[in-house]
Amino acid sequence: MKKHLLFISLFALIAGCDAPQRTRAPQTWINGNSLEDPSNQSGTLTNTGSGTGSGSSTNDGFQNCDLSNKYQTIDIGWFGICQSSLDETIIKFKPSLTSTDIRTCLIPTYKAADGSSTYLGQPQCTYTTSNTAVQGKLYKDRSGFSSYPLNGVIVMKEPLLPEYFNCMQAYVNWPVNVCPSGATNSYCSYWISACPYGAKTGSACDAQARDYMNQSCSSFKSKYSNSYLDISLK
């Protein structure tokens with residue numbers, strides 16, 4: 001449970017921040033070197049619905065669905081999103097802009113009472129057509145997190161995924177990400193030797209990993225906080 005709480009605390013660093021004014025998502029992929037990088041395994045949000053309406057007349061869990069333009073990022077534009085009341089993994093997403101070159105991705109999350117979040121599964125991504133709703137399924141396929149309620153979603157353009165997951169995995173990937181070539185400097189020489197099992201080796205290693213995690217997430221937040229949204233669905 002301590003590991004679960006760590007990741008929940010981690011995402012508090014990048015959720016709900018004031019946006020810088022002119023930072024957009026990069027137009028090409030950024031190579032991530034995380035040991036476990038779900039951004040390299042993003043799925044396709046398969047459309048299981050149709051139409052442009054904001055609700056449903058059938059008993060499919062979307063009777064009270066509000067797909068009005070409640071949310072906005074600099075890259076995605078205005079959009080609406082809602083969750084089926086019958087199946088927490090089924091969502092509807094209605095963008096205001098057409099994007100046929102860069103996909104928009106939805107990441108299922110668990111949002112704690114304090115507003116912090118942790119991801120529950122791989123991103124599901126889709127190209128978009130203006131004012132056309134997409135109904136699709138999100139998956140709670142992250143090991144150890146399948147029992148968490150899916151009560152939130154993070155929305156971002158696909159090129160942001162590697163840096164987002166570098167932040168999410170920064171703690172467990174220290175010191176490998178900091179020292180990809182091994183003990184090539186005094187910092188890496190000392191900490192690789194002192195922490196053969198990474199952050200879990202001991203308290204000093206844990207502190208270094210947390211510092212790296214803070215730096216990674218602060219970097220993502222400052223660069224892209226107006227390019228993604230962390231949304232509560234319930």
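Trainee: Is Pro175 buried or exposed?

Mentor: Pro175 is buried, at 8% relative accessible area. Buried means under 20%, exposed over 50%, and partly exposed in between (1.4 Å probe, protein chains only). Keep in mind that this is a predicted model, where local features need pLDDT of at least 70, side-chain atom pairs count only at pLDDT 80 or more, and totals for chains, interfaces and linings use all residues. Residues are numbered from 1 along each chain as its sequence is written, and side-chain values use heavy atoms, leaving out hydrogens and water.

Trainee: Where is Pro175 placed, and which residues does it touch?

Mentor: Pro175 sits in the loop between α2 and α3. Helices (H or I, at least four residues) and strands (E, at least two) are DSSP runs, numbered from the N terminus. Leaving aside residues up to four places away in sequence, Pro175 touches Ile192 and Gly198. Contact means heavy atoms within 4.5 Å. Pro175 and Ile192 are 17 residues apart in sequence, yet 6.9 Å apart in space, C-alpha to C-alpha.

Trainee: How many residues of helix α2 are buried?

Mentor: Eight of the eight residues of α2 (residues 161-168) are buried, so this helix is largely enclosed by the rest of the structure. Among them are Leu161, Glu163 and Met168.

Trainee: What describes two packed helices?

Mentor: The angle between their axes and the distance between the axes. Here, the axes of α3 (residues 186-194) and α4 (residues 203-224) come within 10 Å and cross at roughly 130 degrees. Axes are lines fitted to C-alpha atoms, for helices over the stretch in contact; angles run from 0 to 180 degrees between N-to-C directions. α3 and α4 are therefore oblique to each other. Under 35 degrees counts as roughly parallel, over 145 as roughly antiparallel, 65 to 115 as roughly perpendicular, and the rest as oblique.

Trainee: Which residues meet there, in α3 and α4?

Mentor: Tyr187, Trp191 and Ala194 of α3 meet Ala204, Cys205 and Gln208 of α4.

Trainee: What describes a pair of aromatic rings?

Mentor: The distance of the centres and the angle of the planes. Rings of Phe, Tyr and Trp (its six-membered ring) pair if their centres lie within 6.5 Å; planes under 30 degrees apart are stacked, over 60 edge-to-face, and the rest tilted. This structure holds twelve aromatic pairs. Tyr119 and Phe165 form an edge-to-face one, 5.0 Å centre to centre with 85 degrees between the planes. Tyr119 lies in strand β6 (residues 117-119) and Phe165 in α2, so the pair ties together parts 46 residues apart in sequence. Tyr119 and Phe165 are both buried.

Trainee: Which residues form one aromatic cluster?

Mentor: Tyr119, Tyr164, Phe165, Phe220, Tyr224 and Tyr228.
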